[in-house]
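Please view the sequence and the structure together before turning to the points below.

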Amino acid sequence: MRAPPGYSWTSHSLRSGPASAARAIGAPLEQIRYYGGWARNSDVVLDYIDPTVRPSKEGRFFFGWLFNENQPPPSPDGTAVARVT
């Protein structure tokens, strides 16, 4: 598989693709930052998100769990996942 003409894939593609797909289905930026390894209040994540990516069933398949109410949210300090009790 090759990148389309005029494009290339880099290591940033491994962060940009999932972040873009998750955001396309409406995942909260807080979740994308946490699971993508960005700092808690980082705006850099916005440089990785491609706004032209459209919602897809594949995106929902891979990232729909971000909307699971039973999924523990990130802890306030962003270092660990908080437990739901």
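A residue is called buried when its relative accessible area is under 20%, exposed when that area is over 50%, and partly exposed in between. The relative accessible area of Trp65 is 35%, so Trp65 is partly exposed. The model discussed here is predicted.

**Overall fold**

- The protein contains 4 helices and 0 strands.
- Read from the N terminus, the order of its elements is α-α-α-α.
- The protein has 85 residues, and 24% of them count as buried.
- Its accessible surface amounts to about 6,500 Å², and carbon and sulfur atoms account for 56% of this surface.
- When contacts between residues at least 6 apart in sequence are considered, 53% of them join residues at least 24 apart.

**The largest pocket**

- The largest pocket holds about 180 Å³ of space.
- Its lining consists of 13 residues, of which Pro18, Ala19, Ile32, Tyr35 and Gly36 are the closest to the centre of the pocket.
- Two elements, helix H1 (13-24) and helix H2 (29-36), each give two or more residues to this lining.
- The greatest contribution to the lining comes from H1, which supplies 5 residues.
- By residue class, the lining comprises 10 nonpolar, 2 polar and 1 charged.

**Aromatic pairs**

- A pair of aromatic rings is described by two quantities, the distance of the centres and the angle of the planes.
- The structure holds 5 aromatic pairs.
- In one of them, the ring centres of Tyr35 and Trp65 are 5.0 Å apart and the ring planes stand at 80°. Planes over 60 degrees apart count as edge-to-face, so the pair of Tyr35 and Trp65 is edge-to-face.
- This pair connects distant parts of the chain, since Tyr35 belongs to helix H2 and Trp65 to the segment after helix H4 (57-63), 30 residues apart.
- Tyr35 has a relative accessible area of 35%, so Tyr35 is partly exposed.
- The pair of Trp38 and Tyr48 is also edge-to-face, because the ring centres are 5.1 Å apart and the planes lie at 65°.
- Trp38 is in the loop between H2 and helix H3 (45-48), whereas Tyr48 is in helix H3, so this pair ties together parts that are 10 residues apart in sequence.
- Trp38 counts as buried because its relative accessibility is 10%.
- Tyr48 is likewise buried, because its relative accessible area is 14%.
- Ring pairs also join Tyr34, Tyr35 and Trp65 into a cluster.

- Which residues of H2 are buried? They are Leu29, Gln31, Ile32 and Arg33.
- The cover over the buried residues of H2 includes H1 and H3.
- Arg33 lies in helix H2. With a relative accessible area of 10%, Arg33 falls under the 20% limit and is therefore buried.
- Leaving aside residues up to four places away in sequence, Arg33 touches Trp38, Ala39, Arg40, Asn41, Ser42, Asp43 and Val45.
- Just after H2, Gly37 adopts a positive phi of about 85°.

Definitions and conventions
Residues are numbered from 1 along each chain as its sequence is written. This is a predicted model: local features need pLDDT of at least 70, side-chain atom pairs count only at pLDDT 80 or more; totals for chains, interfaces and linings use all residues. Side-chain values use heavy atoms; hydrogens and water are left out. On a 1 Å grid over the protein atoms alone, a cavity is a set of points where a 1.4 Å probe fits but cannot get out, and a pocket is an open set with protein on both sides within 12 Å along at least five of seven lines; lining residues have an atom within 4 Å of a point. Grid points are joined across faces, edges and corners, and a volume is the space filled by probe spheres set on the points. Ala, Val, Leu, Ile, Met, Phe, Trp, Tyr, Cys and Pro count as nonpolar, Asp, Glu, Lys and Arg as charged, and the others, Gly among them, as polar. Buried means under 20% relative accessible area, exposed over 50%, partly exposed in between (1.4 Å probe, protein chains only). Contact means heavy atoms within 4.5 Å. Accessible areas come from the Shrake-Rupley method with a 1.4 Å probe; for residues, only the protein chains shown count as cover. Rings of Phe, Tyr and Trp (its six-membered ring) pair if their centres lie within 6.5 Å; planes under 30 degrees apart count as stacked, over 60 as edge-to-face and the rest as tilted.
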